[in-house]
Amino acid sequence: LFRSTFSELAALQFFGTSIEHIPCATFDEIFQATTAGRADYAVVPVENNTEGVVTRTLDLLLTAPLHIVGETSLLIRHNLLRSENSLDNIEVVMAHPQALAQCQDWLSANLPHVERRAVASNAEGAKLARENTAWAAIASDRAGTEFGLYSIARAIQDDAFNRTRFAVLCLPSTLPTPVATGKDCVSLVVSVPNKPGAVYELLAPLKTHGVSMSRFESRPARSGQWEYYFFIDLDGHITDSAIAAALDDLKKICAFFKILGSYAKGD
């Protein structure tokens with residue numbers, strides 16, 4: 001996870017405060033550390049209710065040997081942090097691209113001429129803001145405390161009910177698929193041949209077996225052929241007979257098929 005970020009808060013919410021942290025600078029580093037066994041679990045953001053999916057997380061899930069074993073969500077409160085307790089003479093505001101997007105209305109209204117600079121994480125932005133009095137960062141209260149910064153504007157996110165969903169990942173050898181709880185989800189990623197009616201054929205097995213879908217996202221396959229991967233969440237557990245039958249039918253028509261995990265839904 002990223003130190004002093006919302007990912008860290010999500011990890012503390014899911015696991016409790018006794019966990020040992022292994023800070024990472026990028027999403028790639030998080031996946032690498034967990035894949036290599038240097039970390040038992042990874043906690044990464046998957047989607048935000050206003051800005052949508054975190055694309056790098058989805059891209060890494062395609063090839064990583066990790067699976068999702070849990071999820072949690074946080075009500076996100078962004079603060080503008082700075083080493084000086086003033087909104088005057090700010091030249092740069094730094095944050096993760098998702099955080100910048102979630103605060104764009106406030107920034108346009110209050111700091112319209114200030115450069116918005118994307119960095120690897122909100123914590124990285126806070127760390128950099130500590131080094132230059134003309135720089136500010138968008139981050140959590142925890143990051144402000146960690147880096148000794150003033151919160152010069154609080155709750156600057158555009159949506160008062162701004163929430164981010166986080167996935168908990170690990171190697172199957174660390175923790176197998178959790179047992180059914182009655183309130184579960186199956187996440188998978190698939191692709192189908194680029195032909196007329198392909199998406200309809202993809203959804204047909206779900207209808208046939210009465211399986212409900214709670215999420216459907218597409219990502220370019222980067223093949224240059226206008227092909228896409230589809231990330232799908234299904235309501236239920238992988239051991240449910242209807243889901244098992246639907247997945248079996250899906251495999252037969254998909255050019256690519258990968259189950260990302262079956263786990264209890266978060267709050």
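These exercises work through aromatic rings, a helix and a sheet in a predicted model.

**Exercise 1. Classify the ring pair of Phe14 and Phe15.**

Step 1. Recall what is needed. A pair of aromatic rings is described by the distance of the centres and the angle of the planes.

Step 2. Count the pairs. There are four aromatic pairs. Phe14 and Phe15 form one of them, with centres 4.9 Å apart and planes at 75°.

Step 3. Apply the cut-offs. Centres must lie within 6.5 Å, and planes over 60 degrees apart count as edge-to-face. The Phe14–Phe15 pair is therefore edge-to-face.

Step 4. Check the surroundings. Phe14 counts as partly exposed because its relative accessibility is 35%. Phe15, at 32%, is also partly exposed. Phe14, Phe15 and Tyr41 form one aromatic cluster.

**Exercise 2. Find which charged end sits over the ring of Trp135.**

Solution. Arg117 does. Its charged end is 5.3 Å from the ring centre of Trp135.

**Exercise 3. Work out which residues of helix H9 are buried, and how they are arranged.**

Step 1. Check the helix. H9 covers residues 241–253, 13 residues in total. From first C-alpha to last, H9 reaches 19 Å, close to the expected 18 Å.

Step 2. List the buried residues. They are Ile243, Ala246, Leu247 and Leu250.

Step 3. Find their side. These residues cover an arc of only 100° around the axis, so they lie on the same side of H9. An α-helix has 3.6 residues a turn, so residues three or four places apart point the same way.

Step 4. Look at the other side. There, Ser241 and Lys252 are exposed.

Step 5. Name the cover. The buried residues of H9 are covered by elements including strand E10, helix H8, E12 and E13.

**Exercise 4. Give the strand order of the four-stranded open sheet and name its edges.**

Step 1. The order is E2-E1-E9-E3, with antiparallel pairing.

Step 2. E2 (52–53) and E3 (67–75) are the edge strands, since each pairs on one side only.

Step 3. Inspect one pairing. Eight bridges join E3 to E9 (residues 163–170). Gly70 has Val168 in E9 as its bridge partner.

Definitions and conventions
Residues numbered from 1 in each chain as written. Predicted model: local features only at pLDDT ≥ 70, side-chain atom pairs only at ≥ 80, totals over all residues. Heavy atoms only, no water. Phe/Tyr/Trp six-rings, centres within 6.5 Å; stacked < 30°, edge-to-face > 60°. Buried < 20%, exposed > 50% of the residue type's maximum accessible area, 1.4 Å probe, protein only. Lys NZ or Arg CZ within 6 Å of the ring centre and 35° of its normal. Helix = DSSP H or I, 4+ residues; strand = E, 2+ residues; numbered from the N terminus. Expected span 1.5 Å × (residues − 1). Arc of directions from axis to C-beta. Contact = heavy atoms within 4.5 Å. Pairing = 2+ DSSP bridges.
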